[in-house]
Amino acid sequence: AFGVIADIQFADAEDGHNFGGSRRRYYRHSLRLLRDAVRAWAAESPPIDFVLQLGDSIDGLNARRGEAEGALRQVLEVLGQLPVPVHHAWGNHELYNFSRARLAQSGLCSRPAGSAAGPPDGLCQAYHCSPAARLRLVVLDAYDLSILGRDPDSPRYEESLRLLREKNPNEDLNSPAGLEEPHFVAFNGGFSQAQLDWFDEVLKFSDENQEKVVVMGHLPIHPNASNSVCLAWNYKAALSVIHSHRCVVCVLAGHLHDGAYCLDSHGVHHLTLEGVIETPPDSNAFGTIYVYEDKMILKGRGRIADRVMQL
């Protein structure tokens with residue numbers, strides 16, 4: 001069993017709204033909801049084995065207020081009360097607050113240090129591990145291609161900006177207005193070819209060893225588990241890798257605060273979790289997933305519905 005939570009986006013600030021002004025964001029309350037989640041996971045019997053934090057643990061508001069380090073410390077202190085590992089995805093809000101180099105030295109870097117568990121690029125957050133027999137977890141780095149958190153003089157930044165400008169001619173690169181492919185906005189990102197090649201090799205190993213694979217990352221990679229905007233830039237390439245293997249059973253993501261779900265044409269479950277940040281203080285948004293030989297059962301709290309996913 002393992003815990004799942006997405007888009008905490010904590011800031012020690014009064015309530016605000018999303019960029020469109022249509023949705024309330026409960027910045028300060030999100031930390032209390034995280035505490036409630038940690039207490040619930042700690043009380044599970046039998047105990048859970050790990051937690052997946054699907055990205056955007058603190059809000060970009062912290063960077064503008066000079067409070068990024070303090071906000072991150074508070075979130076990590078709460079998660080640190082768990083006696084089990086926490087696997088972190090990096091989202092756009094982490095990268096509004098910190099460079100990739102800083103994140104790699106922070107408590108949000110759950111990739112094993114100096115390990116061959118991930119791609120050769122040490123700043124890539126992708127990695128894999130086996131938390132139980134014949135079960136593998138793959139953490140994808142959906143901002144490996146991104147203009148966020150990178151030195152503007154770096155080759156990867158230049159490559160990402162070129163790709164973004166090819167698809168998005170808008171003056172505001174966060175605006176999807178008029179785009180044929182509206183997910184090509186700056187608050188999304190993508191997977192480098194090196195990461196996709198590595199991913200393919202991991203899944204090949206899992207196929208050969210008859211493992212079931214759970215994939216996690218901040219950005220959804222199936223259009224039916226997202227809206228048209230909140231997708232990884234090259235989601236089709238990531239799906240192509242998954243669909244060329246038999247082992248992947250579930251893809252978990254955040255980013256879209258409304259949440260979404262689909263079972264794709266290859267029998268893969270795509271679950272996008274509702275975000276804590278837009279959850280009223282009298283509710284919550286987290287869950288526990290119980291893994292069996294033939295199914296995964298999500299027991300949701302608050303905004304997250306219960307779900308049975310057949311394997």
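Me: Which residues touch the most other members of the largest nonpolar core?

Reply: Of its 83 residues, L34, W41, F199, I221, V248 and L252 touch the most other members. A nonpolar core is a set of buried Ala, Val, Leu, Ile, Met, Phe, Trp, Tyr and Cys residues joined through side-chain atoms within 4.5 Å. Buried means under 20% relative accessible area, exposed over 50%, and partly exposed in between (1.4 Å probe, protein chains only). This is a predicted model: local features need pLDDT of at least 70 and side-chain atom pairs pLDDT 80 or more, while totals for chains, interfaces and linings use all residues. Residues are numbered from 1 along each chain as its sequence is written, and side-chain values use heavy atoms, leaving out hydrogens and water.

Me: Which element gives the largest share of this core?

Reply: Helix 1 does, with 7 residues. Helices (H or I, at least four residues) and strands (E, at least two) are DSSP runs, numbered from the N terminus.

Me: What is F199 in contact with, leaving aside its neighbours within four places in sequence?

Reply: Contact means heavy atoms within 4.5 Å. F199 touches V138, L140, V215, A238, V241 and I242. Another core lies apart from the largest one. This other core has 8 residues, among them L145, I147, Y157 and L173.

Me: How many aromatic pairs does the structure hold?

Reply: A pair of aromatic rings is described by the distance of the centres and the angle of the planes. Rings of Phe, Tyr and Trp (its six-membered ring) pair if their centres lie within 6.5 Å; planes under 30 degrees apart count as stacked, over 60 as edge-to-face and the rest as tilted. There are 3 such pairs here. Take W41 and F286: their centres are 5.5 Å apart and their planes at 80°, so the pair is edge-to-face. W41 lies in helix 1 (residues 29–42) and F286 in strand 12 (residues 285–291), so the pair ties together parts that are 245 residues apart in sequence. Both W41 and F286 are buried.

Me: How are the rings of F184 and W233 arranged?

Reply: They are stacked, 5.9 Å centre to centre, with 20° between the planes. F184 lies in the loop between helix 6 (155–167) and helix 7 (193–208), W233 in the loop between strand 8 (212–216) and helix 8 (235–243), so this pair links parts that are 49 residues apart in sequence. F184 and W233 are both buried.

Me: Which charged end sits over the ring of Y261?

Reply: The rule asks for NZ of Lys or CZ of Arg within 6 Å of the ring centre and within 35 degrees of the ring normal. R307 meets it, 3.9 Å from the centre of the Y261 ring. R102 sits likewise over the ring of F98, 5.4 Å from its centre.

Me: How many disulfides are counted?

Reply: A disulfide is a covalent bond between the sulfur atoms of two cysteines. The test is a pair of cysteine sulfur atoms within 2.5 Å. The count here comes to 0.

Me: Where does Q210 lie, and what is its phi?

Reply: Most residues other than glycine have a negative phi, and most peptide bonds are trans. Q210 lies in the loop between helix 7 and strand 8, with a positive phi near 55°. Q210 is exposed, at 65% relative accessible area.

Me: Is D56 buried or exposed?

Reply: D56 is buried, at 2% relative accessibility. D56 also has a positive phi, about 60°, although it is not a glycine. Its place is in the loop between strand 4 and helix 2.

Me: Which residues does a cis peptide bond join?

Reply: S45 and P46, with omega about 0°. P46 lies in the loop between helix 1 and strand 4.
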